[in-house]
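Here is a structure to be read by its own definitions. Each question below asks how a label was reached.

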Amino acid sequence: MYDCIIVGAGPAGGSAAYHLAKRGRSVLVLEKESLPRYKPCGGGVSPQVAEWFDFDFSPAISLKVNSIRYTWQMEDPVEARLDNLEPIWMVRRDVFDHFLMKQAQGQGAELKDGTEVKGITFQNDHWQVNTANGSFDAKFLIAADGAKGPMAKWLGFKERKRRLGGALEAEAPVNVEDPHAVYFEFGMVKNGYIWNFPKADGYSIGIGTFRGGEPQDFKAILTKYATLFGIELGKTKQYGHPLCLWDGDQTLHTQNAVLAGEAACVVDPMTAEGIRPSILTGVKAAEAIDKAVGGATDALEQYTQTIHEEWGKDMAWAQRLSGLFYRVPKVGYKLGVKRPSATQRMAEILCGKSSYGDVANRAIKRLSTGMIPGMGR
């Protein structure tokens, strides 16, 4: 009988496993893939996550970037330096996730990878988790099996508040011209943007979309953009995957179980940042489960409230800003992206030094004014 079984060994699952095991709780992590495993993801990580752990992440970081470069339809470039801020980490998810899981194992957490969960049942006072390799019992569960995982549905979260976005991503093993810069392109794709993130041995390049609309030929758009970096997209393997964007506060706990990571729909609706919020939910889920094992009857309810307070409130501002920016991206680029102070503020948000709530009111007013003919010129 484990104190907790965690389904999924991504950033949320690994973070929860580390902090629970460090508190002396018995933890089993079940992961359907064999680690390390490839995970399509841009791989940008806020350095803020280091504050939540007591070990050095350096072995899991491919590069650190201190410059952000933007274009509008491959022209009108803007560059912003991350002055007085910690550089943003660039990671490969196979390395990063496996590294985090190893730290958890070092604290005593058990891992069974290559073990897909087939179903769950609640037995009087604990959960039974059924896999092809046998059944396992635990007092509590953390569902951290991602955007496409079945755990949330099995736990009864059938009407989750989530807004699905989409991403097309490719890894290109080419010579990186500037390993300290990330690139964002607006204007070529509707209701989203293109990114290009450097790694030690190439680029992660992709498209993210956050609002509905008519179909777009993502592959053709990305192929054209990739030529700026000497990338022949046809020679790479492309991966499509959903994004579970935050769409308002919702219940994240049920009978002896909580949702974490993308299963909890915490992806930033403005930037599609997912790793930092996933880790945050993993850390907070561990705190809640630890208290619940210790006898606190309201610990899981408090987990839901904590995520609402520490993430959801700010995401409400991000959602408002995103809705306006991607509706009028050309205005957003002119009045937002091209303002040096705006990029600095966004960098501070990504690095955890500021919040959307600190800047969104002014940004929304500026964008709204720019949409009115004859104003904001």
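Q: How many of the 377 residues of the protein count as buried, as a percentage?
A: Of the 377 residues, 56% count as buried, where buried means under 20% relative accessible area, exposed over 50% and partly exposed in between, with a 1.4 Å probe and protein chains only. This is a predicted model, in which local features need pLDDT of at least 70 and side-chain atom pairs count only at pLDDT 80 or more, while totals for chains, interfaces and linings use all residues. Residues are numbered from 1 along each chain as its sequence is written, and side-chain values use heavy atoms, with hydrogens and water left out.

Q: Why is D3 with K139 called a salt bridge?
A: A salt bridge requires a side-chain nitrogen of Lys or Arg within 4 Å of a carboxyl oxygen of Asp or Glu; the closest N and O atoms of D3 and K139 are 3.3 Å apart, so the pair qualifies. D3 lies in strand β1 (residues 2–7) and K139 in strand β11 (residues 134–143), so the pair ties together parts that are 136 residues apart in sequence; strands here are DSSP runs (E, at least two residues), numbered from the N terminus.

Q: How do you know whether R276 and E273 are buried or exposed?
A: R276 has a relative accessible area of 6%, so it is buried, and E273, at 8%, is buried too. These side chains also form a salt bridge, with the closest N and O atoms 2.9 Å apart.

Definitions and conventions. Helices (H or I, at least four residues) and strands (E, at least two) are DSSP runs, numbered from the N terminus.
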